[in-house]
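Please keep the sequence and the structure in view while reading.

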Amino acid sequence: MTDFHSGATAFEPHNAECPSCGGRYFMDVHWKRTCLKCYLQTKGRTESPRVQVRIVVEPIPADMLKRLVYLVHPDKHANSEASNIATKYLLQLREVQHG
Ligand SMILES: [Zn+2]
């Protein structure tokens, strides 16, 4: 418990009001004097840095595609619908990727 008479001010995390914008924010450490938005503004930024994600799609190598077509071929799966759909898909993929 805080002893109000000792003068010691042990910090306790609490919801605080931002003196800049009046918004509420969670002050989890004593040095967070403003909300994050106002803090970033003082640093010349308006928002958190965005994480850049680059997705690289590499074509399936021709020999691997050939292997996959072999594995899913309808002849090996009692001409099932699933094998037909998968084979068709792989053949289209081969056409797009390897001409
Ligand atoms: Zn603020």
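What percentage of the 99 residues of the protein count as buried? The answer is 3%. The model is predicted, and the protein in it contains three helices and two strands.

**Overall arrangement**
- Read along the sequence, the elements follow the pattern β-β-α-α-α.
- Among contacts between residues at least 6 apart in sequence, 15% join residues at least 24 apart.

**The two strands**
- Strand β1 covers residues 14–17 and strand β2 covers residues 24–27.
- These strands run antiparallel and are joined by four bridges.
- Within this pairing, E17 stands opposite R24 in β2.
- β1 and β2 form a hairpin, with six residues between them.
- In the turn of the hairpin, G22 has a positive phi of about 80°.

**Helix α3**
- Helix α3 consists of 18 residues, 81–98.
- At 1.5 Å a residue, α3 should span 26 Å, and its end C-alpha atoms are 25 Å apart, which agrees.
- Just after α3, G99 takes a positive phi of about 75°.

**Packing of α2 and α3**
- Helix α2, residues 62–72, packs with α3 at an angle of about 165°, and the axes of the two helices are 9 Å apart.
- Because angles over 145 degrees count as roughly antiparallel, α2 and α3 are roughly antiparallel to each other.
- The crossing of α2 and α3 is left-handed.
- The residues of α2 that meet α3 are A62, L65, L68, V69 and V72.
- Their partners in α3 include A86, L90, L93 and H98.

Methods
Residues numbered from 1 in each chain as written. Predicted model: local features only at pLDDT ≥ 70, side-chain atom pairs only at ≥ 80, totals over all residues. Buried ≥ 20, exposed ≤ 12 C-beta atoms within 10 Å, placed from the backbone. Contact = placed C-beta atoms within 7 Å. Expected span 1.5 Å × (residues − 1). Pairing = 2+ DSSP bridges. Axes fitted to C-alpha atoms, helices over the stretch in contact; angles between N-to-C directions. Parallel < 35°, antiparallel > 145°, perpendicular 65-115°, else oblique. Left-handed = near helix turned anticlockwise from the far one by under 90°.
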